[in-house]
Amino acid sequence: MKKHILASVFSVCAFGGLTGCAATLVKHNNFESVNSTLDVNALAYVDPFIGTGGHGHTFPGAVVPFGMVQLSPDNPSKGWDWTSGYNYSDNQLLGFSHTHLSGTGVGDLLDVLVMPFRGDYQIRRDNALKRVVSEYSHTDETASAGFYQVGLPQEKVNAELTATQRSGVHRYTYSGKEDAKILIDLGYAQNFDKSVATFMRVLDDHTLVGYRISTGWTDFQPVYFIAQFNQPFRYQFYKEGEAQSGPFINTEKSEVVLNFGDIANQPLVTKVGISYVSIDGAKLNLASEVPDFDFDNVKQQAEMLWAKQLGKFKVTDSNEQAKRKFYTALYHSFLAPQTFNDVNGSYFGADGSAHNSLDFKRYSLFSLWDTFRALHPLLTISNGDRVDDMVSSMMAFYNETGLLPSWDLMANETDVMIGYHAVPVIVDAYFKGLTTVNPEQLLKALKASAMQERFGIDLFAKYGYVPSDLEVEAVSKTLEYAFDDWAIARLAKTLNKDADYQYFSQRSESYKTLFDKQTGFMRGKTVTGDWVKNFSPTHVDHRTTDYTEANAWQYTWFVPHDVNGLMALFGGEDPFIAKLDTLFEMDSFMEGDVSPDISGLIGQYAHGNEPVHHVPYMYSLTSQKWKGEQRIKQIRDTMYRDNPDGLSGNDDVGQMSAWYVFSAMGFYPLNPADGQYVLGTPQFQQVDIQLPENKTFTVKRVVSGKKADAYVKHATLNGKPVNMNTISHKDVMKGGELIFTF
């Protein structure tokens, strides 16, 4: 597989080798401009196939950082592991759609399917799937940052894909004399995202426009598009396989077959612009970003955008496998949140109306239950210039609905997970100086989400915990609400809102109410204050018990805002450490309906899901930090591999990957809203992080004697010992040198 990745990267350079290869990105087709020379070596280490197998749920197709378009291949869905539209275990292709989710546990999107094919459409779709299906081989499949390619021998076509922010560009090279055809299917993806209205119109023999309105995980999702071709076509519309007459079609599900005749060895280039607002918006996006049919230029620009983004992190080390894992994790960390506005500032709002803002770029796809933990803190280092727009996007969502987003998918609130985790993301951005939004307005929005009368939030406020006999997932909700309230209290304090500070500080200590000292677990209570009976810390039922996608072993540790307070509940450091040891050392058996989300097990620690991601770093705040280092290294080595089945669980829109990025560098945001990073153990000899104002933060791994010790002996920041095993975000952003000595 690695040879396929490298093939595309070589095209960036004029020379055959990557050593010292560089390129300059210039302003072109509404792309970003870069004034400095870019080192593209990082691109050689990106493998988009990592995570496409097993439960990773990633996709291998073409996308640019934070892009609206994710142009990627789709297989026939065979269940949960196809939620991204693709699974590496498959070898059947339905086509290439323009929107995809990366690493989610629920499927959606897969809009505007394009499929190159040969033969009679009605005969080709005469199968159980009622779709054109073509087989392919992974030996003729390539993926790299900004590019995807696959050969389709049955169609005698080589397919290549690349993308801009809001457009996808296809290049199909047909061989043989049979008519070359393109299918565009708007009734696709019914398993995940049911189309309720579609429209297509032929404007001329090179241009098609249309829209698709669907419902699925999102209640209402409109997508508008324009498709232009470098060669003329004849066309035939279809409604579920039945031919329709006329220059347009307007029905629940629709398809069109475009016939280009005999174009053997003449590349057919297709460029598709999308918008969530209007067909005119799609036209403007395409005209601004892809004014011509120069596929190679678009591909090169996409690669340069990735070189700019990934080049902010430079790894010096001889471990090639670890570098592939690291740069691919970075790649997956920068797929979302996604750009959601047109080039003129128009966007589809959470109130179902069109809005326009030139003051900020609108983003969507905030998987906040996952990403507040490490992905958003990573973006405050790598992309601080985008954070203000992300905060403004969440505030726009609040202005449109009265609440901050919880799990925002294409301006739809899915309410799929618990907590109000826009709160820590916004508070973190405020204290890091990364948002210009008025803090009084921020606090108002935070309080609105924290004072809802649903999901047990009203019960939490009334009783000081969520009673298990009145609300499902009561323990998890209590713990996560308490953390979010700690973040609100932090903002209230700095704004001198003493009443709010006192109120939310008190709520932030609610975790103590559910700690059962007799068993040593966070445990459910009834409304009368009695412990829930028949308690087993290894019992799991999916979303129907006191815990969210977890059990008591995994959720007992969710007190990232007050580790010392949790430690005191256990009776001090020694019993706290002993309990942590048992978590990792005990049997992994669980009883009940064990969700596939609970994966990546080391004892009862489940790295394949998010609630425990901070737990190995709790050791760092004790006198036995080395035990945490041991577990961090074990997780890095066993839960992340450089193959398609390389992730131990869903990537969850980059959270799994962001954990690896931080943990490979040697520090992690245990509390993602306090501006501190807890030290772990670095994987590489050196990592240089390029920061604004030409500053660099360097992390080094140094051996003090003839042979490296297994664990960190001490750490220094700019020559001074690191106290309390933490460094601040401010320390990182000033630039400097963090040295771990082994």
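**View 1. Helix H4 on strands S8 to S11.** Helix H4 (residues 295-310) lies across S8, strand S9 (147-152), strand S10 (157-163) and S11, and runs at about 50 degrees to S10. Helices (H or I, at least four residues) and strands (E, at least two) are DSSP runs numbered from the N terminus. Axes are lines fitted to C-alpha atoms, for helices over the stretch in contact, and angles run from 0 to 180 degrees between N-to-C directions. Contact means heavy atoms within 4.5 Å. The model is predicted: local features need pLDDT of at least 70, side-chain atom pairs count only at pLDDT 80 or more, and totals for chains, interfaces and linings use all residues. Residues are numbered from 1 along each chain as its sequence is written, and side-chain values use heavy atoms, with hydrogens and water left out.

**View 2. The nine-stranded open sheet.** The strand order is S8-S9-S10-S11-S20-S15-S14-S13-S18, with antiparallel pairing; two strands pair if DSSP finds at least two bridges between them. Strand S8 (141-144) and strand S18 (248-251) stand at the edges with a single partner strand each, so one side of each has no neighbour in the sheet. From one strand to the next the twist averages 15 degrees.

**View 3. Strands S14 and S15, and helix H3 on the sheet.** Eight antiparallel bridges join strand S14 (residues 207-215) to strand S15 (residues 221-229). Thr-207 has Gln-228 in S15 as its bridge partner. Helix H3 (residues 279-289) packs on the sheet and touches strand S11 (167-174), strand S13 (194-204), S14, S15 and strand S20 (268-275). The direction of H3 makes about 130 degrees with that of S20.

**View 4. Crossing of helices H7 and H8.** The axes of helix H7 (residues 375-382) and helix H8 (residues 384-401) come within 6 Å and cross at roughly 130 degrees. H7 is therefore oblique to H8 (angles under 35 degrees count as roughly parallel, over 145 as roughly antiparallel, 65 to 115 as roughly perpendicular and the rest as oblique). His-376, Leu-379, Thr-380 and Ser-382 of H7 meet Gly-384, Val-387 and Met-390 of H8. The contact of H7 with H8 has three nonpolar, four polar and no charged residues. Ala, Val, Leu, Ile, Met, Phe, Trp, Tyr, Cys and Pro count as nonpolar, Asp, Glu, Lys and Arg as charged, and the others, Gly among them, as polar.

**View 5. The largest cavity.** The whole structure holds five cavities of 30 Å³ or more, and about 70 Å³ of space lies in the largest. On a 1 Å grid over the protein atoms alone, a cavity is a set of points where a 1.4 Å probe fits but cannot get out, and lining residues have an atom within 4 Å of a point. Grid points are joined across faces, edges and corners, and a volume is the space filled by probe spheres set on the points. The lining of the largest cavity consists of Ile-50, Lys-325, Thr-328, Ala-329, His-332, Tyr-640, Arg-641, Leu-647 and Ser-657. Helix H5 (residues 320-333) gives the most to this lining, with four residues.

**View 6. The cis peptide bond at Pro-337.** The bond from Ala-336 to Pro-337 is cis, with omega near 0 degrees. Pro-337 is in the loop between H5 and strand S22 (338-339).

Definitions and conventions
On a 1 Å grid over the protein atoms alone, a cavity is a set of points where a 1.4 Å probe fits but cannot get out, and a pocket is an open set with protein on both sides within 12 Å along at least five of seven lines; lining residues have an atom within 4 Å of a point.
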